[in-house]
Amino acid sequence: MSKLKVALLVDEYFGGTGTVYGGYGFLARHLIAKHLPNENIEVEVLIKKDCSKQRLIPRRYMIDGIKVYRLAAKFMDFLNIRFLKKKNYDLFLSIEMTTHSYRILKTIPNIDKKLLFWVQDPRPDYEWDEINTVKLFPEKSYWDSNIYQFVHDLWAAGKVSFISQARFLDRKARDLYNLDDKTEIKYLPNPIEIDHNFDVETHPKKNHIIFLGRIESVKRGWLFCEIAKLMPEYEFFMLGQSFRQSKKNQSIMNNYLDIPNLHFVGHVEGEKKAQLIKDAKILVNTSIHEALPISFLEALSYGTLLVSCRDPDELTSQFGVFTGTVLGDGFDKVPLFVDGIRHLMENEPLRQELALKAVNYIKATHSIEDFQKNMQEIIFKLVEETKAQS
C-alpha cells in the first residue's frame, strides 16, 4: 500500500528556510515532521509564499530529511494550483489557521480533501481586548474575519475536522469560528520529547529562574527583568530573542542590561537549552496572552515549576503559582510574581513534591508514543471518510 501523503501547512519552521523561531514552528519541525512519518504516512511541509522574492515556481528544500516547499509568488498561483494537483495530498494538516494556510487552501478550487485543523491558539475578539491593554509596546493585531469565515464555511461543508491541544481552547475556537456547540473537537495534547534518563529526585537543581520564548510585546519580557531586579539572591536567565519589531524590543531590554543577576542568553536549542531548563527551579511566564505554550510542557518535563499570570488547563495552579490575570503593562503586579517565586523557592519539600508530580504528568499525557498512535488513527479515519464520500 502506498503511503498517505500529509501536507503540513505552516508560516514558520523554526529556522528552516530562514523562518523565525516560534512555538508553531517548533511543533511543526521538531515534533510533527520528526515523529509523525512512518511506513504508512509521509509528511511534506508547505511554507508560505516568499513575498520578498518574485519566485516563479515552488522551491523544494530538504530539512532534517523532510521535503519542505516554498510556494511560488501570489501572482503565479496557477503554478501553485498545478503543483498542488500534481502532489494530490491525501490530507492537509494546519496548525491553527494562519494567513498562509488560508491562502494555500483558497488556492485550491473545489477542495476535495479533508483539512485536519489542530487548534493551538484561537484568539476571539475578547482575547484581543485583553492583549490591547498593553500600552508600552502594543501587539500588532492580525485579526482577519475572512479567515475565520473561511474556516466556518469549511466546517459547514463538512471538510474540516478539529483537534485541540488543550481543553480550555475549545470554547475560544467555537467562538472564533462560529461553530455549533455540538461540534466535535478531539483532545490531542502536544507531544514532548521526554528525557527518560532524567531523574528529578536526584538532579541537583540550582537557584535559577528562567524565561523561555520569543521576546516580543505579548510576552511582556520587561516584567521578568523587573522581577530579577527585586530578587538579587537568585539568578535569572532570559532564553529567547526578538524577531518581530526587534529594534523596539531591544530598546526596552536595554534598560535592564546592567542587572547583575539577569542573563540574556539569546536563542538556544538542543542540549544547551535542555540543561538550562533542567537546572532551573522555576519558569516564569509574564505574557498578557497564552494558549498552552510548549515551554510550559518542556519545563514541567524536567520538574521546573511554573509561576505565571496564565493558567491554561489549570497547569500553573497545579504545578506552581498562578498569580491571577495581569492586564496592561503589568508593572504594578510585579510583587505577585515575586511572592509566587518566594513561595516555591522557600518551601523545598513542596517544590520537590510538585516537581515529581509534574514530571509524571508529562509522561502520562504528552508522550511522543501517544501522539503517534492517536494522530495516525485520526489521519487514517479522515482519509477513509474522504474516500467514502468521493
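**A loop residue and its counterparts**

Modeller: Asp-64 is exposed, with a relative accessible area of 55%; here exposed means over 50%, buried under 20% and partly exposed in between, with a 1.4 Å probe and protein chains only. The model is a predicted one, in which local features need pLDDT of at least 70 and side-chain atom pairs count only at pLDDT 80 or more, while totals for chains, interfaces and linings use all residues. Residues are numbered from 1 along each chain as its sequence is written, and side-chain values use heavy atoms, with hydrogens and water left out.

Asp-64 sits in the loop that joins strand E3 (59–63) to strand E4 (66–70). Helices (H or I, at least four residues) and strands (E, at least two) are DSSP runs numbered from the N terminus. The phi of Asp-64 is positive, about 55 degrees, although the residue is not a glycine. Most residues other than glycine have a negative phi.

Phe-14 also has a positive phi, of about 50 degrees, without being a glycine. Its place is in the loop between strand E1 (4–10) and H1. Phe-14 is buried, at a relative accessible area of 8%, whereas Asp-64 is exposed.

A further positive phi, near 55 degrees, belongs to Asn-178, the residue that follows H6. Helix H6 (residues 169–177) has 7 of its 9 residues buried, so it is largely enclosed by the rest of the structure. The buried residues are Leu-169, Asp-170, Lys-172, Ala-173, Arg-174, Leu-176 and Tyr-177. Their packing partners are strand E6 (115–119), helix H4 (125–131), helix H5 (145–156), strand E7 (160–164) and E8, contact being counted for heavy atoms within 4.5 Å.

Strand E8 contains Lys-186. This lysine, Lys-186, is partly exposed, with a relative accessible area of 41%. Leaving aside residues up to four places away in sequence, Lys-186 touches Phe-162, Ile-163, Ser-164 and Ile-378. Between the C-alpha atoms of Lys-186 and Thr-386, which are 200 residues apart along the chain, the separation is 18 Å.

E8 (185–187) is also among the elements that cover the buried residues of H13, together with helix H10 (294–301), strand E13 (305–308), helix H11 (315–318), strand E14 (320–322) and helix H12 (334–345). Helix H13 (residues 348–365) has 18 residues and should span 26 Å at 1.5 Å a residue, which agrees with the 26 Å between its end C-alpha atoms; the expected span is 1.5 Å times one less than the number of residues. Buried in H13 are Arg-351, Leu-354, Ala-355, Ala-358, Val-359, Ile-362 and Thr-365. They cover an arc of only 150 degrees around the axis, which puts them on the same side of H13; the arc is that of the directions from the helix axis to the C-beta atoms. Pro-349 and Ala-364, on the other side of H13, are exposed.

Helix H7 (residues 221–230) is mostly covered, with 8 of its 10 residues buried. These are Gly-221, Trp-222, Leu-223, Phe-224, Cys-225, Glu-226, Ile-227 and Ala-228.
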